[in-house]
Amino acid sequence: MLGRADLWVKGRAYRKDTEQLAHYRGGFAALADQLKEYIELKGGQVITDAPIKELIANAGQVVGVRSGDITFHADAVIATPALAIIANLVEPHVSADYTQRLRRIRMSDEDLLEYTIPYLQEMFPAFHRNWILKYHIWKAHYSQPIVERRYSRLIPKKETPFQGLYIATMAQIYPEDRGTNYAVREGRLIGKRLIANISKKTISESLCERHDV
Ligand SMILES: Cc1cc2nc3c(=O)[nH]c(=O)nc-3n(C[C@H](O)[C@H](O)[C@H](O)COP(=O)(O)OP(=O)(O)OC[C@H]3O[C@@H](n4cnc5c(N)ncnc54)[C@H](O)[C@@H]3O)c2cc1C
């Protein structure tokens with residue numbers, strides 16, 4: 001059996017108005033390998049199997065990340081896992097209110113059942129909740145951001161209150177649904193924004209130095 005995720009890329013990357021399906025030759029593993037190759041060609045480094053356990057701060061700004069005993073220094077950090085994972089990492093550096101908002105987007109089993117019933121009724125108009133004898137929710141952690149009513153108001157900004165830390169996740173692409181093409185799009189956007197912000201900062205720092213501020 002072939003994994004569906006390995007097979008197709010939703011195609012708004014190709015045409016603006018309609019969604020098309022495309023097969024990535026070699027599957028998404030080939031995409032990751034080719035990205036790694038390109039990053040290394042450009043002088044970058046890709047490190048895998050290194051879960052980040054801690055963000056390092058200096059004067060209210062992120063200056064690196066720590067994985068096990070290894071520290072990586074950085075001018076800026078982009079976090080891409082699920083918002084709940086990011087909440088754990090930023091917790092020591094931001095207000096409780098901010099982390100609470102990152103963790104907010106979740107659903108209980110009962111909420112999920114209630115959420116699905118109207119859609120089942122739309123598909124099968126005769127369907128009645130009395131038909132449900134038992135229900136079981138299958139879960140894979142952080143596989144899908146859950147879009148609830150007024151979701152657009154809950155979406156966190158890419159810039160965070162922790163200076164130098166940016167967030168680019170599938171929970172921020174609403175009204176689109178998760179997809180590798182959106183991950184690529186968001187990666188490009190956040191990369192450009194980060195470079196622009198770092199250049200602005202460097203220019204203003206060098207102006208300050210010149211004027212001895
Ligand atoms: C079951 C399923 C099927 C899918 N099928 C398709 C499909 O067919 N076509 C399609 O286009 N899209 C599909 N998607 C969606 C697609 O997988 C996502 O949209 C895409 O992977 C998002 O990319 P991302 O880089 O934003 O996040 P991710 O791919 O989730 O990358 C985040 C990475 O962060 C890592 N991470 C987490 N915590 C830490 C930490 N503390 N330190 C370091 N790293 C960490 C994770 O291990 C992960 O590798 C599917 C998703 C699922 C769940």
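Predicted model: local features only at pLDDT ≥ 70, side-chain atom pairs only at ≥ 80, totals over all residues.

Visitor: What makes α2 and α3 roughly antiparallel to each other?

Guide: The axes of α2 and helix α3 (residues 96–103) cross at roughly 160°. Angles over 145 degrees count as roughly antiparallel, and α2 and α3 therefore fall into that class. Their axes come within 8 Å, and the crossing is left-handed.

Visitor: Which residues make the contact between α2 and α3?

Guide: From α2 the contact draws on Leu 83, Ala 84, Ile 86, Ala 87 and Val 90; from α3 it draws on Thr 99, Leu 102 and Arg 103. By class, these residues divide into 6 nonpolar, 1 polar and 1 charged.

Visitor: Which residues have the most contacts inside the largest nonpolar core?

Guide: They are Leu 55, Val 77, Ala 79, Ile 86, Val 90 and Leu 165, in a core of 17 residues. At least two residues of this core come from each of β4 (61–67), β6 (77–79), α2 (83–90) and β7 (165–167). The element that gives the most is α2, with 4 residues.

Visitor: What does Val 90 touch, not counting residues up to four places away in sequence?

Guide: Val 90 touches Leu 55, Thr 99, Thr 160, Phe 162 and Leu 165. Each such pair is in contact because the C-beta atoms lie within 7 Å.

Visitor: Why is Ala 59 called exposed?

Guide: Ala 59 has 6 C-beta neighbours inside 10 Å. A residue is exposed if the number is 12 or fewer, so Ala 59 counts as exposed. Ala 59 lies in the loop between β3 (54–58) and β4, and its phi is near 50°, a positive value in a residue other than glycine.

Visitor: How do you know that Arg 150 is exposed?

Guide: The same cut-off of 12 or fewer applies. Arg 150 has 7 other C-beta atoms within 10 Å, and is therefore exposed. Arg 150 is found in the loop between α4 (109–123) and β7, and its phi, near 60°, is positive.

Note on methods
Residues numbered from 1 in each chain as written. Core = buried A, V, L, I, M, F, W, Y, C linked by C-beta atoms within 7 Å. Buried ≥ 20, exposed ≤ 12 C-beta atoms within 10 Å, placed from the backbone. Contact = placed C-beta atoms within 7 Å. Axes fitted to C-alpha atoms, helices over the stretch in contact; angles between N-to-C directions. Parallel < 35°, antiparallel > 145°, perpendicular 65-115°, else oblique. Left-handed = near helix turned anticlockwise from the far one by under 90°. Nonpolar A, V, L, I, M, F, W, Y, C, P; charged D, E, K, R; others polar.
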